[in-house]
Amino acid sequence: MGAEVAGGLISGSLALLADAAHMLTDAAALALAWVAFRIARRPADPKRSYGYHRGQVLAAFTNGAVLIAIVFWIFVEAVQRLRDPQPVEGGLMLGVAVIGLLVNLAAFAILHGGDRRNLNLRGAAAHVLGDLLGSAAAIVGALVILWTGWTPIDPILSLLVGLLVLRSAWLIVRESAHILLEGTPAEIDPQGLRAMLLADIPELEDVHHIHAWSLTPERPLLTLHAQVGESADPQATLLRIKQVLSQRFGIDHSTVQIERGPCGDD
């Protein structure tokens, strides 16, 4: 990051400065992701009965939001550079960009080996991917400037990289916000779940008050009311419901209220 800041200021390259800004936030993003993982290991307590798992989702949301802010800063700077082109020292820009690319390749290879379903890890990887693309764009820009002297390539490539990073950041922010707002997991259709339970378990007369959400992307949760007939075995029916939820929908933590007669909440 320090090399890119110095190189960007001396060479006049916006691509290097943008990549340095990414690296600054990457240091914070990786630290935030690591802290979130550490916090998530804490056991549940009376104040937080589900533990601290949501800390990872909150870290992912923060990382995505910061990335979006950085992209908009790059857009503003790039438009200003297009209106008022600045001289760029292509040789220095190329050397620093190559160093940045090697560092980012190593960091991305480490993160890419982790759990791709983990939103926190994806948020950290998105930061590093943005840096990797920024370094690659800086290399291309430096080569074009060295060969042709056409300096507008620098802000143009910064805009293109910014658009790619913006898409990744927006997906992470949208998914993490959906989880924080207790949204229904994408892989769970409440009406389809209800129909499957009624079809698979003859003892069920009705299934209602279905609420599904996620603690983390890997841990869906669900509550529902199940109305059974007078001759049904409540415990056996309960175990069968939980078996279907686990095997068909991957829901290993559910709260099922067995009812005979009208629902008490109605």
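This is a predicted model: local features need pLDDT of at least 70, side-chain atom pairs count only at pLDDT 80 or more; totals for chains, interfaces and linings use all residues.
Trainee: At what angle do helix H3 and helix H6 pack?
Mentor: Helix H3 (residues 54-83) packs on helix H6 (residues 153-180) at about 155°, and their axes are 8 Å apart. Axes are lines fitted to C-alpha atoms, for helices over the stretch in contact, and angles run from 0 to 180 degrees between N-to-C directions. Helices (H or I, at least four residues) and strands (E, at least two) are DSSP runs, numbered from the N terminus.

Trainee: And the crossing of H3 and H6, left-handed or right-handed?
Mentor: The crossing of H3 and H6 is left-handed (near helix turned anticlockwise from the far one by less than a right angle; clockwise is right-handed). The residues of their contact comprise 25 nonpolar, 4 polar and 3 charged (Ala, Val, Leu, Ile, Met, Phe, Trp, Tyr, Cys and Pro count as nonpolar, Asp, Glu, Lys and Arg as charged, the others as polar).

Trainee: Turning to H7 and H8, how far apart are their axes?
Mentor: The axes of helix H7 (residues 190-200) and H8 are 11 Å apart, at an angle of about 130°. That angle makes H7 oblique to H8.

Trainee: Which residues of H7 and H8 make the contact?
Mentor: H7 contributes Leu193, Met196, Leu197 and Asp200, and H8 contributes Arg240, Ile241, Val244, Leu245, Arg248 and Phe249 (contact means heavy atoms within 4.5 Å). Of the residues in this contact, 7 are nonpolar, none is polar and 3 are charged.

Trainee: Now the sheet: in what order do the strands come?
Mentor: The open sheet has 3 strands in the order E1-E2-E3, with mixed pairing (strands pair if DSSP finds at least two bridges between them). Strand E1 (204-216) and E3 are the edge strands, each pairing on one side only. The average twist from one strand to the next is 10°.

Trainee: How many bridges join strand E2 to strand E3?
Mentor: Strand E2 (residues 219-228) and strand E3 (residues 253-259) run parallel and are joined by 7 bridges. Leu222 has Ser254 in E3 as its bridge partner, and Ala226 stands opposite Ile258 in E3.

Trainee: Where does H8 lie?
Mentor: H8 lies across E1, E2 and E3, and runs at about 145° to E3.

How values were computed
Residues are numbered from 1 along each chain as its sequence is written. Side-chain values use heavy atoms; hydrogens and water are left out. Angles under 35 degrees count as roughly parallel, over 145 as roughly antiparallel, 65 to 115 as roughly perpendicular and the rest as oblique.
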